[in-house]
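Reader: Please take me through some local features of this model, one at a time. Show the structure, then start with a loop residue.

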Amino acid sequence: MPMVDIKQSPQTPPAGAAADWTIPQDWSGYTPAEHAMWDTLFERQSRLLPGRVSATFLNGLDVLRMSKSGIPDFEELSERLTRLTGWKVLAVPGLVPDEDFFRHLANRTFIAGRFIRTPEQIDYLQEPDIFHDVFGHVPLLANPVFADYMQAYGEGGLRSLKFGAMHRLARLYWYTVEFGLIREAGELKLYGAGIVSSFSESKFALDDPSPNRIALDVKRVMRTRYKIDDYQQTYFVIDSYEDLLKQTLETDFAPLYAELESSQDLETDVLLPTDTVLNRGTQAYAASRKGAAA
Ligand SMILES: [Fe+2]
């Protein structure tokens, strides 16, 4: 199952958190069981991902030395990451308001949950934990182009608040940063954090005939709803991180938001005549879920 990752919680920071919502990671406070849970998850994904995941992700794991046993210490991780791309990782107690989330990204700070899932939650949890946030998101931040994209996204997010277009930017994040696919050397690979940190969706997103897989178009993505509690019915595919960055930087979001005001939202499984369709999905999985729910 995918992991819910909506950064919204419009309150003030809880006791013990700074004004920007960050908290000390307190790395020495993790128990042996918590470190062991990280290792279990890490080993499971490391076995599954080679050949499926973007080479850039694997390279990030390597240069950040994330295969080291136990939950990563953010100070050590940030030291390596800052040397490579100027990013750092800080802990937060949970979901934070959109504006704070965007501001951190715009300042090249990735905020991550401190807690790790329990053995009962190994395959599904509502809020992103440290495994999703750090294993899923941080390796790509070691890549200079993706690092620039995330900063550009944060800056775009701050601007979107003025236009009441937060939901459109959330869709872009969802279908790229969380659930994106990329074509590398002619083959589809995973790069979205929600997929690469999920044992089951790492298989579904790439192998299953059910979902649509279509080329990314920023405007199209901004019209597309998404599912937060099940596999995606459509995945968007980029040709390169350079292209993703270019599409984001070259889009003039203010007129785009105005234009989209008069266009209808698209359901999660819809295909348009203008789409570049790589795989037309059968939607068999979604149909079976509907049957089960009825
Ligand atoms: Fe995430």
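Author: Arg114 is placed in the loop between strand S2 (109–113) and H5; helices (H or I, at least four residues) and strands (E, at least two) are DSSP runs, numbered from the N terminus. This is a predicted model, in which local features need pLDDT of at least 70 and side-chain atom pairs count only at pLDDT 80 or more, while totals for chains, interfaces and linings use all residues. Residues are numbered from 1 along each chain as its sequence is written, and side-chain values use heavy atoms, with hydrogens and water left out.

Reader: Which backbone oxygen lies 2.5 Å from a polar atom of the side chain of Arg114?

Author: A polar contact is a pair of N or O atoms within 3.5 Å; within protein, one must be able to donate a hydrogen and the other to accept it, and residues adjacent in sequence count only if both atoms are side-chain atoms. The side chain of Arg114 reaches the backbone oxygen of Asp26 at 3.1 Å. Contacts of Arg114 (heavy atoms within 4.5 Å), leaving aside neighbours within four places in sequence, include Tyr30, Val92 and Ile130. The backbone oxygen at 2.5 Å is that of Gln25.

Reader: How is H2 oriented against H5?

Author: Axes are lines fitted to C-alpha atoms, for helices over the stretch in contact, and angles run from 0 to 180 degrees between N-to-C directions. Helix H2 (residues 55–63) and helix H5 (residues 130–141) have axes 7 Å apart and pack at an angle of about 95°. Since 65 to 115 degrees counts as roughly perpendicular, H2 is therefore, relative to H5, roughly perpendicular.

Reader: Which residues in H5 do Thr56, Phe57, Gly60 and Leu61 meet?

Author: These four residues belong to H2. Their partners in H5 are Phe135, Gly136, Pro139 and Leu140.

Reader: Which strands stand at the edges of the open sheet, each with a single partner strand?

Author: The five strands have the order S4-S3-S6-S5-S7, with mixed pairing; two strands pair if DSSP finds at least two bridges between them. S5 (residues 212–215) and S7 run antiparallel and are joined by two bridges, with Ile214 opposite Val277 in S7. Each edge strand has a single partner, so one side is left without a neighbour in the sheet; the two are S4 and S7 (277–279).

Reader: Which residue in the turn between S3 and S4 has a positive phi?

Author: S3 (residues 181–184) and S4 (residues 187–190) pair in the antiparallel sense over four bridges, and Ile182 stands opposite Lys189 in S4. The two strands form a hairpin with two residues between them. The residue with a positive phi, of about 50°, is Ala185.

Conventions:
Parallel < 35°, antiparallel > 145°, perpendicular 65-115°, else oblique.
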